[in-house]
Amino acid sequence: MTIADGGELPARLEGKFSAMVVCWILGLGSLVSWNSMLTIGDYYYNLFPNYHPSRVLTLVYQPFALGTMAILAYNESKIDTRRRNLIGYLLFFTSTLMLIVLDLATSGRGGVGPFIGICAIVGSFGVADAHVQGGMVGDLCFMLPEFIQSFLAGLAASGALTSALRLVTKAAFEKSDNGLRKGTMLFLAISTFFEFLCILLYAFFFPKLPIVKYFRSKAALEGSKTVKADLAAAGIQTKEDQGHEDNAKQNERLSNKQLFFQNIDYALDLFLIYVLTLSIFPGFLYENTGEHKLGSWYPLVLIAAYNVWDLISRYLPLVKFLKIESRRGLMIAILSRFLLIPAFYFTAKYGDQGWMILLVSFLGLTNGHLTVCVLTTAPKGYKGPEQNALGNLLVLCLLAGIFSGVALDWLWLIGKKNAF
């Protein structure tokens, strides 16, 4: 098959629902490994009680994610998206498997050596995250907004799923010998399976969906070089016999710098969303919320509440009157979230667990809703190659916000006894 033209979207183009389902699963696979690490935090606190695992592992993860993403975003137009995404999912699969191998090799013992090994694996998670999130968001930006929404919902679903599984495994193994470790191993095995499933779906199923082939063909006609391998996997050959002048005109696009400055408010939006979220989640929830009636279940319930509401909120923009598309409205909503900082401080100090669960739920609700609003609104009005580049730039800003939030999270330990 050869690309003919990039006209209007055909009236009957099959595969939209299938593509949305696959995007959801690919989103889940993009974060299920990392969310597994966060959700089994109670296990690592048991093994490494003096190393602040949730804070340290998050701080290790983010420089690798941010540094890799910066390189990939800068060279986005020259990178084969198919190879990039497959490398990312393969790295997720092997790294999650290595967590199981490391735990079995050390027989579940603590100490500096195993902790350094876990940190190294977490660094590879960061590299994989940069490959997959930037690659997938960039790829989906020139398709339908529903595809991005499904992918982002899958990201949140990974958190909700891992939280639910963690609660189930904790309840199932809590009273058995070495139950915490058994639950963790089962947990990581399920995560490894999901990563393997993502490799198969992205490599063999997703590229062959008619609606995906249409949008990638259209992007190729607009000058995108990143989709050639995916089109070839679907049996489509791009035309190379056009005149030099036609090619030059076709390849005209805004530079990354121009795209960034035209969308600097969206970039700042994503940065601020995740600065706030990661300055509270997960480190504050594990170490600064005190002792309550729920005991060892308390941090797991807080993490689950955040993840569930983060997932629910990512579907709210599908209701038209709930979607915020005004650039000013988005900025006002995002800045107003910073009132949550004093709210969390005083609730942790004086409030009951019910108020904390309510606050954490609101944090997740606003995080997911605003993220989807920004990432589905920003790419509108650009050509395929520009939308791909913009998607990568926005994910870079998102990861920069996460990195900054993780660093600021340590400020909660100031004044706390035996913090370091």
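Before you click on anything, one term: buried means under 20% relative accessible area, exposed means over 50%, and partly exposed is in between, using a 1.4 Å probe and protein chains only. What you have open is a predicted model, where local features need pLDDT of at least 70 and side-chain atom pairs count only at pLDDT 80 or more, while totals for chains, interfaces and linings use all residues. Residues are numbered from 1 along each chain as its sequence is written, and side-chain values use heavy atoms, leaving out hydrogens and water.

**The whole view**

Start with a cartoon of everything. You'll find 18 helices and zero strands; both are DSSP runs numbered from the N terminus, with helices being H or I and at least four residues, and strands being E and at least two. Of the 420 residues in the protein, 56% are buried.

**Stop 1: Lys16 and Glu146**

The structure holds nine salt bridges, meaning a side-chain nitrogen of Lys or Arg within 4 Å of a carboxyl oxygen of Asp or Glu. Select Lys16 and Glu146: their closest N and O atoms are 3.5 Å apart. This pair links distant parts of the chain, with Lys16 in helix 1 and Glu146 in helix 6, 130 residues apart. Lys16 is partly exposed at 34% relative accessible area, and Glu146 counts as partly exposed at 25%.

**Stop 2: a charged network**

Now pick Asp230 and Arg216, a salt bridge with 3.6 Å between the closest N and O atoms. Asp230 sits in helix 9 (residues 228-233) and Arg216 in helix 8 (residues 210-221), so the bridge ties together parts that are 14 residues apart in sequence. Are these two buried or exposed? Asp230 is buried at 1% relative accessibility, and Arg216 is buried at 1% too.

For another bridge, select Asp310 and Arg314, which meet at 3.3 Å, N to O. Both Asp310 and Arg314 are buried.

**Stop 3: the rings**

A search of the whole structure finds 10 aromatic pairs. Rings of Phe, Tyr and Trp (its six-membered ring) pair if their centres lie within 6.5 Å; planes under 30 degrees apart count as stacked, over 60 as edge-to-face, and the rest as tilted. Show Trp34 and Tyr61: the ring centres are 4.1 Å apart and the planes at 15°, so this pair is stacked. Trp34 belongs to helix 1 (residues 16-39) and Tyr61 to helix 3 (residues 53-74), so the pair ties together parts 27 residues apart in sequence. Trp34 is buried at 7% relative accessible area, and Tyr61 is buried at 2%.

Then jump to Tyr345 and Phe346, an edge-to-face pair, 5.1 Å centre to centre with 80° between the planes. Tyr345 is partly exposed at 38%, as is Phe346 at 45%. Include Tyr350 as well: ring pairs link it with Tyr345 and Phe346 into a cluster.

**Stop 4: Ser163**

Head to helix 6 (residues 145-173) and pick out Ser163, which is buried at 2% relative accessibility. Which residues does Ser163 contact, leaving aside neighbours within four places in sequence? They are Thr39, Ile303, Ala304 and Asn307, with contact meaning heavy atoms within 4.5 Å.

**Last stop: helix 5**

Finish by selecting residues 112-141, which make up helix 5. Helix 5 is mostly covered, with 24 of its 30 residues buried.

Methods:
The expected span of a helix is 1.5 Å times one less than its number of residues.
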